Structures are given as C-alpha cells and as structure tokens.
Amino acid sequence: MQAKKRYLILLSAGACLVLLSYLGGVQLPAASRSRHDRSRNGYRPDQPWPHFSDPLHLFLPWDETDTEEYNLHISPRQKRDVNTSVYKGKRCRMDSCFDFSLCHKNGFKVYVYPQQKGEKISESYQNILSTIEGSRFYTSDPGQACLFVLSLDTLDRDQLSPQYVHNLKTKVQNLPLWNDGRNHLIFNLYSGTWPDYTEDLGFDIGQAMLAKASISTENFRRNFDVSIPLFSKEHPRTGGERGYLKYNSIPPFRKYMLVFKGKRYLTGIGSDTRNALHHVHNAEDVVLLTTCKHGKDWQKHKDARCDKDNAEYDKYDYKEMLHNSTFCLVPRGRRLGSFRFLEALQAACVPVMLSNGWELPFSEIIDWNTAAVIGDERLLLQIPTTVRSIHQDKILSLRQQTQFLWEAYFSSVEKIVLTTLEIIQDRVLEHGSRSSLMWNSHPGGLFALPQYSGYLGDFPFYYRKPPSAQLETACIDSPACSLPAREMKWNLLPSGWFFIIVLWNCDKPLPAKHRWPATSVPVIVIEGENKVMSSRFLPYETIVTDAVLSLDEDTVLSTTEVDFAFTVWQSFPERIVGYPARSHFWDSNKERWGYTSKWTNDYSMVLTGAAIYHRYYHHLYTNYLPTSLKSMVDQLANCEDILMNFLVSAVTKLPPIKVTQKKQYKETMMGQSSRASRWADPDHFAQRQTCMNKFASWFGAMPLVHSQMRLDPVLFKDQVSILRKKYRDIERL
C-alpha cells in the first residue's frame, strides 16, 4: 500500500514538472519580448511607468489584438507563427541582405524604375518618386545605383482600397533588377485589410528594406527597415507649414491639459484604449472624445454609450482643442500609428503615446523622450496624474523639440523621404555617419553633411565660442574679365588674413603679374573650368579658413569696413554678414514674390558681392541644392547671391545681418573702357524676380526672414580723440 502511494506521488510530481516546463516554454519568450519592446519605445528607469515581468497581451502588434471572432479560430502558438511569417526575410540585416559593393564605387546613388504604361499610381507615391528624382541622390543609370526604388505603387496594400495595385507579386518578380529585393527600398503606409490588418504587403519582399508606417517592434528589422510616419494624401510635397508655436509663453500651460478626439471602434480590430477613454474624460481640462459614427452600419452595433459620446463629441472643435492643449493623446486605432501624431507635433501639443509595440518614426535617429511622453496602454487611468506632474520647464523643452522635429523631418513628403534616404546612407557610409546630436538639435541631420566633417565644431551652427580672429580668406569673383577694384587697397588688409582667392571666370587670358594690386598676403588665382556663376560657391580645397569674404570685382570697400564686418561675423558665424541689402515682398496683384533694391527700414537678403559667411555654405550650396536650381543660375548668369540667401535662411530660420558702411559706398560702374556692371542690365532685375519665385517653389515656402537690425560701430563713438577711434572712417556719415 505504501509503495502504491509513493508511485502516485512521484507520478503526480512528474506530471506537474512536465506541465510547468511546457507552460514556461510558451510564456518566457513573450515576457522577454515585452521587456525589449518597452526599452525600444522609450521606457527608462527614471520615468513614472512601472516595469512588469508578466507577458503583455496588449503589447502584441495590432494584427494580433484579441477579438472574440479572431480568438475562436486561432491559438496563441498560431498567432506567433503568423507574426513570424509576415516577412520571409525577417532576419535580414545590412550585413546579410545588402550589397555594399554597389555603393563603394559611385557613392550613395538611388535609381527609380521607369513608370510602366497603364500602371496607376497615387498622388502620394508620385510625390515620393518626384522627391527622389529631384534629390542629389538620384541617378538615371541603374549601373551606378546603390539603392533601387520601385515605380509600382506599394503605399496602400489594403485590398479594400481603390489605390490597391493588383498582381503586384508577379509584377515585382518580373523586374529585371529585382534580385530577390536586394538593395531595394519599398515604401508603405497601409497594409492588410479588415478585419485582421496584418502587416503582410501581399507579396514577398525578399531581401528588400521597408520604409513603413505603423510598423510593430515585432516585425521591425532593426538597422534595416525604417519606420516612417503615417501621412495623408494632402501632406505637402515640399516646404510645408511651419509649426504653430509662435512664441514661448511662461508658464507654458494652455486651456486644456490633455485632449483627444477620434473614432471608437465597435466591430473588428481596434484599440481597447479608445473604448476606455470615457473613464478619464472630465470635460474640464481633460477632454477625451470618441464617436461611434463611422462606417455604413454603425447603428447596428451601437452600444449604450454611443448616443451620449456622439453628443459630447459634436460640442468641441478639433483644431481649437489641438491648438489650445498642453498634451495630446495619441492612442492606436485600427493600426498602430495615426494622423494625430503629426498633427500634434505641428501644433506644439506634446504627444502622449499610447500604442504599445509601435516602432516610432525614425526611431533610429530621433530621441523621442525629448519631444513626447511614452505611455503604457495598461496604465490609462494614471495618464492625467502623470502629465500634471511634469514640470513646466520640461513642458517648454518638450514643446520646443516638437517644433524642431516637425520642421526638420516631418513637415513635407520631401523631408520624410530625404530623412529616410539619409538614414540609409549613414548605414552604408558608416565611417561618415552623423551623430545623435546632429540629428536631434538644430538645424538637423539634413543640413549637416557628413562628407564635410564628422566634428561638430567645424559646422557654423555648433560653435561653442567665437571663431578665431586670425583666419579669413577673401574670394573675389571676376566674371567680367577685369582686375579687382584697386580701391580695396590690398596692401592695407587687416592683420590675420590668410590669403586671397581670385576666381577668373572668363575666356580672356590672365593679366600679367605686374598689373595685379600689391598685396601683403598670397594671391591664388583659380580659372573656372565651366565659366559659370555657381563656380564661385564651389568648396575649393584652397579655402581652409572658416570665414570667407565674398567680393565682386567691382566692389568698393575700405579695409576698415572689412575689419568691422569680420568682427560682427565672429558673433554670428551661422549667418551672412555684409553690406548691400535687398528685400522681398508679396505682390498681391500679380500673386507672386517680388524683389526690391530700394533702401527701406527692413531687409531680408545681404548680397554676396560684399559679405562674409562660413565656408560650410559652399559645401551645402554645391551638395544640397538640386542641379535644376544651379543650372538656372548658370544659364541666367544671375541670382547666385539670392539662392545663397535662400539656402542660409532655410538652414538657420534667421535673417542675415547688415552692417553699416561709409556714406560713399556704392555699387559702382567699372572703368569707362570696360562694359557696364551687370546691375545696369535692364533684364537683370526681371530675371531676379523670376528667380525669387522659382527658388520659393523648390523650397516649398519662402525661407527669407525680414529684419530691421543694422549693426553700427556705436561702441566706438566715445568721447576720445578721433585719432584713437578704431572705425573712425565708418563713423563719418
């Protein structure tokens, strides 16, 4: 009898161990993934969100969200199998599924397949392709390409959508350069369809990279795919509106503390979080509104709360709430991402993310903890208390960062696409990749070209102290085949000059050495190869100083004026500092931008005929601007100074700085024996009007900023002898 009891006890213990082992094998990996997901979505020990070691069912992607109909037909093990089979190339990484040899020879070049006849393409995807074709990365030769982009529209892979492209699998496989997707980039905004909304695109992407919206951390292939934001078809192709934060109010609180207005899903897959928002809504400073009115048969599924929720929903205007709230809730909907994410960023309403498992847009480069609050869907009831506990200094910092990120990476389709390409380029050319500081601080990674330098101090906008006063280079452009103005008195240059560069942009031979003005510093003459206007802004290797004094051949300046301008520039190294000023205005009659040279109380441009700027802008002008704009400048032999002003203002979001000059300063005619200055050309002014509008069209908005500030040497107007004044010649007005 005792032996039987012992056998029964051993048998029971063995059965328990087998059961525990089985359950542990199923659950432990899920717990491990949950901890990993929280860390990737911004969870930090210093945040008020607690960490859990239990498996999170709501942390799974939206295609696995529990619904009654779904769970009747599929087991947890089957769910994981579906999830892992979404991409056959799930284990792809740059070192295993990308051919770097294609990039080492010709650099990072992107080829767009020619559009096939009869293939429909959405406006949004056309904007993406147009952006790539207009960028500096584009090549029309597939033999030089490092990356390939399909002309087949892959943005909307919802079979119920009118934009859905059928038979995509066969069409992609028949592409001659497909090569199982290697070195290909696929853009996608929507995937799957009702009721599952899986992330499967409906065709085998092979080894291709994905630039995808609403991508889950489960399916995101880190350092291979790129998470992009969900944007609407109305999102502008270029430019885009600036953020709505016009000034920083202290304290930075608005009418509402936390707001949301959106759909509540009654059937099919959707967010349980939205169905629970009414528990937090107080109709005072926390206004969280949902409506059941969506879909044709919503009344068939309406619950007891629908009528009350719909009535409350109609009382509030969405834009008014958005612009008058400190925090904006961004919960998941049918998919992980929503349009409210970009809307909150633009409105300077700090996003409160409630979408567990969503790989946030451009997470590889952007530190979202500096611009958003990363919440947990399971802790919805704690959200109001959490946001109220955030200090006003932190709120101001978060709000300012939303504006920077919006304008730097999200305000247009162009910026979203270029950011995607720049991220991939940094992976390919890893030795020259940008630092996190460059991506997360003004002016952003798109304007910080890694081929210029990997050291922050080399860029004009990262200066920690004024640049050295001992290094400056003068660049004189001579397109009219005449010697630089003798009034410049090069033998009396201020001390500390490095050398003078003369760009000889004409077909006549160089003058004899004895005809050149005497100088106390070396003179380097560069003969322009193409004899074009843009050559004055090429990044010549001979320019090794930070400060560049740009002069036209007919400019008349005294050495005192040059020295004073350089002194001013040392305090503003990121801007153009100079003498001749111009302005722009909106001509309401012609509905176009106008250009004026009249002396008024404000200005928006300082012409590079007599100006000082940082040499980095030579690199940016040459490598960032498209060939179309530079070709226009070269064909007209005009407007290069306007284009440089557009570029610098687009980078800095600031106006140039005008310094005063002596009363005798003028843009003079050259000697009577030579042709008149181009300023006297009757077509010159009309061309500059045309340039203004062409440039504004490419930038997508007018980047120039008006200013009424003029810096004079007033600090030197003291009660001392005139012989002791440093800038006495300038003061004689």
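Me: From which domains does the lining of the largest pocket draw at least three residues each?

Reply: This is a predicted model, so all of this concerns a prediction. The lining takes at least three residues from domain 1 (76-227) and at least three from domain 2 (256-407).

Me: What is known about the space in the largest pocket, and which residues lie nearest its centre?

Reply: The space in the largest pocket is about 740 Å³. Its lining has 23 residues. Nearest the centre lie Lys263, Tyr265, Arg334, Arg335 and Phe339.

Me: How do the residues of that lining divide by nonpolar, polar and charged?

Reply: Nine are nonpolar, six are polar and eight are charged. Lys and Arg count as charged, so Lys263, Arg334 and Arg335 belong to the charged group. Tyr and Phe count as nonpolar, so Tyr265 and Phe339 go there.

Me: Why is the largest nonpolar core said to lie between domain 1 (76-227) and domain 2 (256-407)?

Reply: This core has 76 residues. Those with the most contacts inside it are Phe187, Phe362, Trp368, Tyr409 and Phe410. Helix α14 (residues 413-428) gives the most, with eight residues.

Me: What is Phe187 in contact with, leaving aside its neighbours within four places in sequence?

Reply: The partners of Phe187 are Tyr125, Ile128, Ile132, Val149, Thr154, Leu155, Ala211, Ile228, Val417 and Thr420. Another core, of 53 residues, lies apart from the largest one. Its members include Phe499, Phe537, Ile543 and Tyr624.

Me: Why is Tyr617 called buried?

Reply: Buried means under 20% relative accessible area. Tyr617 has 0% relative accessibility, so it counts as buried. Its place is in helix α17 (residues 616-623).

Me: What is Tyr617 in contact with, beyond its neighbours within four places in sequence?

Reply: Tyr617 is in contact with Pro460, Phe461, Glu574, Met644, Leu647, Val648 and Thr652. Take Glu574: Tyr617 is 43 residues from it in sequence. In space the two are 9.2 Å apart, C-alpha to C-alpha.

Me: What makes helix α16 (residues 559-569) mostly covered?

Reply: Nine of the eleven residues of α16 are buried. They are Thr559, Thr560, Glu561, Val562, Phe564, Ala565, Phe566, Val568 and Trp569.

Me: Asn223 and Cys639 are not glycines. What is the phi of each?

Reply: Asn223 has a positive phi of about 60°. Cys639 has a positive phi of about 75°. Asn223 is in the loop between β6 (209-212) and β7. Cys639 is in the loop between α18 (627-636) and α19 (640-652).

Notes. Residues numbered from 1 in each chain as written. Predicted model: local features only at pLDDT ≥ 70, side-chain atom pairs only at ≥ 80, totals over all residues. Heavy atoms only, no water. 1 Å grid on protein atoms, 1.4 Å probe; cavity = no way out; pocket = protein on both sides within 12 Å on 5 of 7 lines; lining within 4 Å. Points joined across faces, edges and corners; volume = space filled by probe spheres on them. Domains from an automatic or database assignment. Helix = DSSP H or I, 4+ residues; strand = E, 2+ residues; numbered from the N terminus. Core = buried A, V, L, I, M, F, W, Y, C linked by side-chain atoms within 4.5 Å. Buried < 20%, exposed > 50% of the residue type's maximum accessible area, 1.4 Å probe, protein only. Contact = heavy atoms within 4.5 Å.
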